[in-house]
Amino acid sequence: VKYTEEGEIVLTISMLSKEDKENKMSSTCDKMIKKGILLIELHDTGIGMNPEYIQHAWKSFSRGDMSITRKQDGTGLGLSICKSLVEINGGEIKAESQLGEGSSFWFTWNIEILSLITPTILSSITSTISKFPTQLLEAQFDKKMPNFIRNKRILIIHPVKNMRNAMLTYFKIVEKVDAFDTFNKGIKAAQTYKELYNQSAYDIAFIGLYEDKEEEVIKAALTLKALDMGNNKLFIIFIVFPSIKGNELAKNLIRNLGGTVSVIYTPITRKKLINQFVHLEKNNTV
C-alpha cells in the first residue's frame, strides 16, 4: 500500500484444481479431508521496480532504488520473509514488475479442506448448485435495488478499469449507464446527448476523487451541473478513498459545489450503493 500513491491495488484469491491421491475419508467422524492449492495474486499500479532487480529482491536486506525505499521506510526484509513462509508451506512465489508502472506478485499456498459431509452428499450438493441458474442469484440482489433507479441515467467517471467494471456489473438493471476513464470523455458524452435530444444526459454522476486532481474534479463537476439544463437535479456522488485527506477533500468540494452532492467510500459494494439510493429515494432527491 505504501508504494502505491494512486491507481489501484487488486488482491485476487482463487482455488487451483488439484487431483490428489492423498485425499482421504475419516472412518471415525464421517469427515472428508481434501487437499487444495490457493493462488493469491496481488497487482498494483505503484512505483514498481527494475525487472533486472527482481532476482535479487528475495534476498534479506535487498533493496532497489535507495532514494525510494528510504522515503517509504523500506527495510528489504518483506519479500525475503514472504518467500521463506511460502516455501515452508510447500508453495512457490513469483513476481513481475516494471519501474514506474507497478508490480504483480503471486504465490501458491497448500491447504487442507475439511468437510463434515460424505463424498456422496458433496457430489449431490455440487450437482444441485450447478443446475441453479446464475441469473436467479443475480436477480435476488437486483430485487434489493430501489425500483426508481432502473429508469435513471447514470454516469461513471473513474480512471481504474476494475472499478468501472464492478460498478457496471452492479448497474445491470439500469437502462442507461455510461462509464469513462477521463473527465473529458464523460463531459463530451453529456454534451453530445444534450445536443441531440435537448435534455440533460444524466441523473446521477459517480466521479472518482483524487487528492492531486482537485481543480480538475471541480471543473468537471461544474461543467456537468451546467449541462443539467438549469434543473439543478444532477446528483453527484464522489468516489473517495477512506482517509483523513480524502474526507477533507470531499468536504471542501461539497462546500464549493453546492446542490445535491454525496460521498461513497471505496471499496464499492452493492450494499453501499443500495444505501445511497435508498437515502435518495427517501429524500426525493432524484
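Visitor: Let's start with Lys-185. Is Lys-185 buried, partly exposed or exposed?
Guide: Lys-185 is partly exposed, since its relative accessible area is 43%. Keep in mind that this is a predicted model.

Visitor: Which residue does Lys-185 form a salt bridge with?
Guide: The partner is Asp-181. The closest N and O atoms of that salt bridge are 3.0 Å apart. Asp-181 is partly exposed too, at 32% relative accessible area.

Visitor: How many salt bridges does the structure hold?
Guide: Four. One of them joins the side chains of Lys-176 and Asp-178, at 3.0 Å from N to O. Lys-176 has 23% relative accessibility, so Lys-176 counts as partly exposed.

Visitor: What about Lys-83, which residue is in a salt bridge with that one?
Guide: Glu-87, with 2.4 Å between the closest N and O atoms. Both residues sit in helix α3, residues 78-89. They are four residues apart, about one turn of the helix.

Visitor: And how exposed are Lys-83 and Glu-87?
Guide: Lys-83 has a relative accessible area of 26%, so Lys-83 is partly exposed. Glu-87 is at 47%. The cut-off for exposed is over 50%, so Glu-87 stays in the partly exposed class.

Visitor: Zoom out. How many helices and strands are in the protein chain?
Guide: Ten helices and ten strands. The chain has 286 residues, and 36% of them count as buried.

Visitor: What share of the contacts is between residues 24 or more positions apart?
Guide: 69%, taken over contacts with a separation of 6 or more.

Visitor: And the accessible surface, what does that come to?
Guide: About 17,800 Å² for the protein chain. Carbon and sulfur atoms own 54% of that surface.

Visitor: Helices next. Which residues of α8 are buried?
Guide: Val-217, Ile-218, Ala-220, Ala-221, Leu-224 and Lys-225. They fall within an arc of 165° seen down the axis, so they line one face of α8.

Visitor: Which residues are exposed on the other side of α8?
Guide: Glu-215, Lys-219 and Ala-226.

Visitor: What covers the buried residues of α8?
Guide: The cover includes strands β6 (153-157), β8 (204-208) and β9 (235-240). Helices α7 (183-197) and α9 (244-257) are also among the cover.

Visitor: How far does α8 reach from its first C-alpha to its last?
Guide: 18 Å, for 13 residues, 214-226. That is close to the 18 Å expected at 1.5 Å a residue.

Visitor: Now α10. What span should its 13 residues have?
Guide: At 1.5 Å a residue, α10 (residues 270-282) should span 18 Å. The end C-alpha atoms are 18 Å apart, so the two agree.

Visitor: Which α10 residues are buried?
Guide: Arg-270, Leu-273, Ile-274, Gln-276, Phe-277 and Leu-280. Their arc around the axis is only 160°, so they lie on the same side of α10. The face turned away from that buried side carries Lys-271 and Lys-282, both exposed.

Visitor: Last topic: which residues make the nonpolar surface patch?
Guide: Ile-9, Leu-11, Ile-13 and Leu-42, covering about 360 Å². Strand β1 (residues 9-16) gives the most, with three residues.

Visitor: Where is Leu-42 placed?
Guide: In strand β3, residues 31-44. Leu-42 has a relative accessible area of 33%, so Leu-42 is partly exposed.

Definitions and conventions
Residues are numbered from 1 along each chain as its sequence is written. This is a predicted model: local features need pLDDT of at least 70, side-chain atom pairs count only at pLDDT 80 or more; totals for chains, interfaces and linings use all residues. Side-chain values use heavy atoms; hydrogens and water are left out. Helices (H or I, at least four residues) and strands (E, at least two) are DSSP runs, numbered from the N terminus. The expected span of a helix is 1.5 Å times one less than its number of residues. Buried means under 20% relative accessible area, exposed over 50%, partly exposed in between (1.4 Å probe, protein chains only). The arc is that of the directions from the helix axis to the C-beta atoms. Patches are made of residues with over 30% relative accessible area and no salt bridge: like charges are joined within 9 Å, nonpolar side chains (Val, Leu, Ile, Met, Phe, Trp, Tyr) within 5 Å. Accessible areas come from the Shrake-Rupley method with a 1.4 Å probe; for residues, only the protein chains shown count as cover. Contact means heavy atoms within 4.5 Å.
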